[in-house]
Amino acid sequence: MALVRAGEVAVVLGRMDRAEEVLLESLRLLRDVGGHASVADALELVALVLAEADPRQAARYLGTCRALAGASDGSPSVRAVRDHIERCRAEVSQALGPDTFAVEWARGREMSVDQAVPDALAQLTTRASSHEGAAP
């Protein structure tokens, strides 16, 4: 939970690179210990990190976190970044169009924790690898 909160702080401060780092570590620990309590919060933050580069994946994670949290209305659970998440959802929906967004959201709602965590780890690991290879 502390790492998810550190990711939240990084997002609020506009440090998406730092958010990626702590979310990777958080998801690894959640995967390894089987903890599911913070997965929905972590996936909301992963959606924020991925929204611009991969709006389809962001829409899926937003759907997944809503299913995991048991909220059908789509309201975000991470309080400090609620405005960021609402804005992200609106931007992703606009980028994809309402029909595609609805399809991706529904796909996300069908993902289990055991599917979503490794998937999010793969997405963030790929991003981290691409950042390492980028010229300063």
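## Exercises on a predicted helical chain

Of the 136 residues in this chain, 45% count as buried. The model you are looking at is predicted.

**Exercise 1.** Describe how helix α1 packs with helix α3.

*Solution.* Let us take this in steps.

- Step 1: Two packed helices are described by the angle between their axes and by the distance between those axes.
- Step 2: For α1 (residues 2–12) and α3 (residues 39–50), the angle is about 30° and the axes lie 10 Å apart.
- Step 3: Angles under 35 degrees count as roughly parallel, so α1 is roughly parallel to α3.
- Step 4: The crossing of α1 and α3 is left-handed.

**Exercise 2.** Which residues of α1 and α3 meet, and of which classes are they?

*Solution.* On the α1 side, look for Val4, Arg5, Gly7, Glu8 and Val11. They meet Asp41, Ala42, Leu45 and Leu48 of α3. Sorted by class, this contact has five nonpolar, one polar and three charged residues.

**Exercise 3.** Is alanine 95 buried or exposed?

*Solution.* Start by locating alanine 95 in helix α5, which spans residues 82–96. Its relative accessible area is 59%. Exposed means over 50%, so alanine 95 is exposed.

**Exercise 4.** How many residues apart in sequence are alanine 95 and alanine 51, and what is their C-alpha to C-alpha distance?

*Solution.* In sequence, alanine 95 and alanine 51 are 44 residues apart. In space, their C-alpha atoms are 9.6 Å apart.

Notes. Residues are numbered from 1 along each chain as its sequence is written. This is a predicted model: local features need pLDDT of at least 70, side-chain atom pairs count only at pLDDT 80 or more; totals for chains, interfaces and linings use all residues. Side-chain values use heavy atoms; hydrogens and water are left out. Axes are lines fitted to C-alpha atoms, for helices over the stretch in contact, and angles run from 0 to 180 degrees between N-to-C directions. Helices (H or I, at least four residues) and strands (E, at least two) are DSSP runs, numbered from the N terminus. Angles under 35 degrees count as roughly parallel, over 145 as roughly antiparallel, 65 to 115 as roughly perpendicular and the rest as oblique. A crossing is left-handed if the near helix is turned anticlockwise from the far one by less than a right angle, and right-handed if clockwise. Contact means heavy atoms within 4.5 Å. Ala, Val, Leu, Ile, Met, Phe, Trp, Tyr, Cys and Pro count as nonpolar, Asp, Glu, Lys and Arg as charged, and the others, Gly among them, as polar. Buried means under 20% relative accessible area, exposed over 50%, partly exposed in between (1.4 Å probe, protein chains only).
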